[in-house]
Each structure stands twice: as C-alpha cells, then as structure tokens.
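Subject: Structure handover

Hello,

Please find the structure below. My notes on it follow.

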Amino acid sequence: MNTDNLLMQYQSEALEALKSMTNLGKPFEKVIMDVLKLFMAIPGKINFLQMGRYGQFSEQTYRNTFTKGNFDWFDFNQHLAEKVCTGSFLALAVDPSYIPKSGKKTPWFGKFWSGAAGEAKKGLELTGIGLMDVDNHECMTLGAFQTPDSMTLEDMDYNLIDWYREQLISRKDRLLPITRTAASHHQNHCCRCVLLQGNICPAFGKGGVQCRQPFEERRRAVLPYNRVSDRKTGSPEIV
C-alpha cells in the first residue's frame with residue numbers, strides 16, 4: 001500500500017470516528033481533521049504557528065479550537081482502537097514517558113526519571129494509557145495525563161504513587177468496560193507499585209483488575225542478538 005492510500009485510509013477512519021461522536025459542529029470537525037493531517041505531514045516540531053503556516057486555517061483558529069477543551073479524545077481514540085485491537089486478549093498498558101523540555105514557563109516543568117538516560121532529568125513527564133492486543137501484537141493509545149512537578153505534588157500532599165492511582169481510578173468507569181487486565185513495564189517502579197501492590201485494584205470495585213508484569217520474564221531471559229555492522233567495504237561483520 002503506497003503513501004497516498006495509507007493517508008486516505010487514515011483520513012477515512014479518523015472521519016468515521018468523529019462522526020460517531022455527538023455534539024460536534026461542522027467547523028470544529030473540519031479543524032480537527034486538518035490538524036490530524038498536519039500531524040502526519042509537518043516534519044519536526046509541531047505547534048500552532050506551524051499549523052497556521054501549513055494548514056488551511058489561521059494560527060488563532062487552531063489555538064481557539066484547542067482552548068475550548070471539550071473534545072473527548074478518549075472516546076475518539078477508543079473508536080480507532082476498536083478497529084485495530086480485535087483480538088480476544090486485551091490489556092491496558094500504563095507507561096510514563098520522559099519528555100525533554102527547556103525553559104521554565106511550561107506548567108509542571110521539573111525533574112523526572114528518564115529510562116533511556118538512567119537518571120532524573122529536567123523536562124516533563126506524560127503517562128500514556130494504551131490498549132494492547134496481545135494476540136495480534138498491536139497497541140493503540142487511549143489517553144494520557146501529565147505528571148506534576150515535585151513542588152506541585154507536595155502542595156497537593158501527593159506523591160507519585162498517589163498521583164498515578166488518582167488518575168487511573170478517575171478513569172475506571174471508562175477503562176473497566178474495555179478490559180480488566182492492566183500491565184506496566186518492569187522499569188516503571190511507581191506504576192508497578194500502583195498496579196501490583198493493591199493500591200488500585202480494590203478501588204476498581206468488585207472484580208477489580210488483573211495486574212500483570214508482561215516484561216519481567218523477558219528481562220531475565222538471555223536473548224542473543226546478532227547485528228550486521230554498517231561497514232561499507234569488506235565482508236559483513238557479525239557483532
């Protein structure tokens with residue numbers, strides 16, 4: 001399938017998801033569809049200025065659309081996920097990610113753990129909630145929430161575990177009808193603590209959630225990997 005066909009399929013499924021949602025006006029629908037196309041087309045950094053430069057509408061139109069904040073992204077993403085995740089074994093994936101960011105004006109800017117760097121670094125943290133299709137090896141994002149910096153958490157009388165728990169429990173009415181199985185990466189100690197040590201399971205009500213560590217055994221396994229080097233001359237070298 002070539003790029004044009006993939007883009008057409010992407011637009012068709014996105015439009016179908018928008019049509020399934022209620023109380024969306026035509027102008028709002030047109031702007032969102034244009035935004036989704038721009039996210040596929042704009043290389044590098046994407047902001048409202050870039051959207052106004054490459055898109056069909058002005059920069060202020062994009063700003064106003066996102067300022068309203070009444071678009072249900074979870075419902076939109078769930079509709080798309082149901083198209084992809086069609087297996088019989090579904091599970092929720094919860095994984096915070098470090099986002100590099102400079103400056104001091106961005107809300108909740110602070111020091112967060114970076115798994116790639118192996119240390120806490122200045123920036124932002126965004127926790128994604130995804131729907132995994134274990135049978136077909138697919139995963140689609142349902143939603144995400146930002147983690148406050150340490151000072152904000154202290155003012156709220158929260159720690160990281162309290163924050164993760166609060167965010168997941170607040171979404172339980174939307175998550176439980178999808179699946180009652182949840183998982184977190186083995187390197188994510190706070191999320192593992194939330195999911196596996198009884199901090200969230202009782203709060204999800206009767207039946208709770210079945211919490212798993214899908215990557216734990218893989219971490220302990222010995223996985224040989226032969227990589228062909230990028231040498232331009234001579235025979236291929238196995239590293």
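By class, 19 nonpolar, five polar and two charged residues line the largest pocket. Here Ala, Val, Leu, Ile, Met, Phe, Trp, Tyr, Cys and Pro count as nonpolar, Asp, Glu, Lys and Arg as charged, and the others, Gly among them, as polar.

This is a predicted model: local features need pLDDT of at least 70 and side-chain atom pairs pLDDT 80 or more, while totals for chains, interfaces and linings use all residues. Residues are numbered from 1 along each chain as its sequence is written, and side-chain values use heavy atoms, with hydrogens and water left out.

The pocket
The largest pocket holds about 940 Å³ of space. A pocket is an open set of points on a 1 Å grid over the protein atoms alone, where a 1.4 Å probe fits, with protein on both sides within 12 Å along at least five of seven lines; lining residues have an atom within 4 Å of a point. The volume is the space filled by probe spheres set on the points, which are joined across faces, edges and corners. Of the 26 lining residues, Phe-39, Trp-73, Asn-77, Leu-126 and Ala-144 lie nearest the centre of the pocket. The elements that give two or more residues to this lining are α1, α2, α5, β3 (119–133) and β4 (138–146); helices (H or I, at least four residues) and strands (E, at least two) are DSSP runs, numbered from the N terminus.

Thr-65
Thr-65 lies in helix α4 (residues 59–68). Thr-65 is buried, at a relative accessible area of 8%, where buried means under 20% (1.4 Å probe, protein chains only).

Regards

How values were computed:
Buried < 20%, exposed > 50% of the residue type's maximum accessible area, 1.4 Å probe, protein only.
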